[in-house]
Amino acid sequence: MSGLLIRPRIRPRVAVVLVYTAAMCMNGLDSTIVNPALYTIAGDFGRPLSAANTVETAFLVALAVGLPVAGWLGDRFGTKRVFLGSLTAFTIASAVCGLAPDLNTLVVARAVQGLAGGLLTPVGMTLLFRAFPPHERMKLAKVLIVPTALMPALGPPLGGLLTEHLSWHWLFFVNVPIGTAAVLLGVFGLREHVEGPEGKFDVVGFWLATPALGLLTYALGFGPSQGWTRPAVAVSAALGSVLLVAAVLHQVRAKTPLLRLRLLADRVYGSASALAGVTAAGLMGVLFVFPLLYQASLGASALDAGLSVFPEAVGLMLASQVVDRLLPKLGPRLLTVPALLVAAAVFATLAIPGVAENAWSVRGLMFLIGLVLGTAVLTVQISGFESIGPADMGQAMGLFQIVRTLGGALGIAACAAVIGGGHVTEAAADPGPYRTAVWVTAALVAAGALIALRLPREAPQPPPFDDEDAPPPGEGLAADEARAVKG
């Protein structure tokens with residue numbers, strides 16, 4: 001009939017899963033896909049590699065800057081509006097990156113990507129966790145693991161493949177059709193949720209927390225390689241630390257803080273956030289240092305070293321298939337504590353002389369790291385928000401992502417400090433410092449097992465169906481997916 005707009009009928013819960021997965025895959029892939037192309041980018045623009053490195057610096061720093069305001073923006077303007085706005089900005093910035101005529105344009109567009117990405121992750125997880133009550137979130141393990149594990153692991157080999165056979169421009173062009181489709185699906189399929197934060201925007205907290213995270217991310221990223229005494233690094237580290245302390249003191253005292261740090265006082269959520277930081281430090285640290293140890297022990301190429309850790313992503317994918325079955329039976333504590341202890345033992349095994357020299361031993365151990373540590377990480381991520389209500393979900397997600405991001409940066413910085421910030425340049429390099437750094441990551445993961453003792457024994461239980469937010473029988477994730485398949 002003329003004059004009528006035919007609107008696609010998309011079930012909101014299916015739309016949330018599809019849009020979240022697409023957006024987070026783009027974000028996760030972009031965090032690692034550019035690294036293999038930096039030499040080519042520098043050559044094309046006639047600039048030194050140190051200048052091309054600002055492409056990644058801009059992305060990481062801008063991502064950290066976006067995290068503190070993500071929760072407030074989602075509550076104030078609505079999670080759907082902020083998420084789709086960020087996804088649109090990310091997609092447009094990707095196109096600009098691919099079309100960039102010079103390095104300065106590429107760096108600016110990359111910063112926009114990072115800022116949008118800093119908003120996408122916490123707001124996207126808020127959308128996802130608000131759509132599913134705690135007892136159904138165990139099924140989300142299969143969704144959460146794809147962007148957080150598989151995409152970053154695929155980034156380096158895919159980046160090298162596209163750069164070699166097409167051009168580095170395609171590292172960014174691949175985002176455009178995916179992002180456009182996800183935005184269109186989100187417009188028709190997502191539901192809006194405006195929490196309405198109390199009070200005015202915390203201007204003081206913003207001007208303390210935002211530059212603090214940006215400066216610390218810069219210092220942690222470049223201090224080990226460029227030297228902690230380099231003026232830019234030293235000033236960033238010192239000023240960022242001072243601003244962070246001031247931000248924490250302000251957030252605790254403020255009536256309407258930008259970041260509700262008091263949420264960390266909750267036993268389950270606080271423990272889960274601390275575990276997220278510690279496990280991110282251990283995992284990111286070992287993924288950073290072990291390829292260097294692999295090269296030092298075997299004289300392997302950088303590509304071989306990068307591929308040696310890929311089985312970790314396969315193990316993570318398998319973990320995502322079993323967590324939703326084991327968590328209801330064992331509970332968060334009994335599932336997480338042994339997994340972290342086993343993961344620490346596997347980490348330590350990698351540091352034993354002779355192990356890194358055997359390629360198949362390395363592949364097997366990396367697979368085990370993904371399997372056991374992935375089980376713990378997914379359990380924490382799913383069960384840690386059980387006690388968080390819908391009104392606090394946006395703030396809780398923002399805090400969780402900040403702790404995890406800083407934890408990963410600290411883990412890499414700690415390992416780089418142990419090995420002296422150097423890089424393997426020849427097969428005869430001494431592997432001793434690299435083994436010591438791997439032991440550090442093992443100790444971090446083992447310490448996480450102590451924190452995990454504070455997790456609850458029982459898995460989340462389904463609420464009575466008189467809760468208006470709880471779906472009635474037959475309206476769960478499986479039912480939504482079945483209807484989507486039937487059309």
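This is a predicted model: local features need pLDDT of at least 70, side-chain atom pairs count only at pLDDT 80 or more; totals for chains, interfaces and linings use all residues.
Biologist: Why are H14 and H16 called oblique to each other?

Modeller: Helix H14 (residues 311–330) and helix H16 (residues 359–383) pack at about 40°, with axes 7 Å apart. Angles under 35 degrees count as roughly parallel, over 145 as roughly antiparallel, 65 to 115 as roughly perpendicular and the rest as oblique. H14 and H16 are therefore oblique. Axes here are lines fitted to C-alpha atoms, for helices over the stretch in contact, and angles run from 0 to 180 degrees between N-to-C directions.

Biologist: Which hand does the crossing of H14 and H16 have?

Modeller: H14 passes H16 in a right-handed crossing. A crossing is right-handed if the near helix is turned clockwise from the far one by less than a right angle, left-handed if anticlockwise.

Biologist: What makes H1 and H6 roughly antiparallel?

Modeller: Helix H1 (residues 12–30) and helix H6 (residues 103–131) pack at about 150°, with axes 9 Å apart. So H1 and H6 are roughly antiparallel. Their crossing is left-handed.

Biologist: And how do H5 and H9 cross?

Modeller: The axes of helix H5 (residues 79–99) and helix H9 (residues 175–189) come within 9 Å and cross at roughly 160°. That makes H5 roughly antiparallel to H9. H5 passes H9 in a left-handed crossing.

Biologist: Why does Leu 154 count as partly exposed?

Modeller: Leu 154 has 29% relative accessibility. Buried means under 20% relative accessible area, exposed over 50%, partly exposed in between (1.4 Å probe, protein chains only). So Leu 154 is partly exposed. Leu 154 sits in helix H7 (residues 141–165). Leu 154 and Ala 313 are 159 residues apart in sequence and 8.7 Å apart in space, C-alpha to C-alpha.

Biologist: How do you know which class Leu 158 belongs to?

Modeller: The relative accessible area of Leu 158 is 30%, so Leu 158 is partly exposed. Leu 158 also lies in helix H7. From Val 34, Leu 158 is 124 residues away in sequence and 9.5 Å away in space, C-alpha to C-alpha.

Notes: Residues are numbered from 1 along each chain as its sequence is written. Side-chain values use heavy atoms; hydrogens and water are left out. Helices (H or I, at least four residues) and strands (E, at least two) are DSSP runs, numbered from the N terminus.
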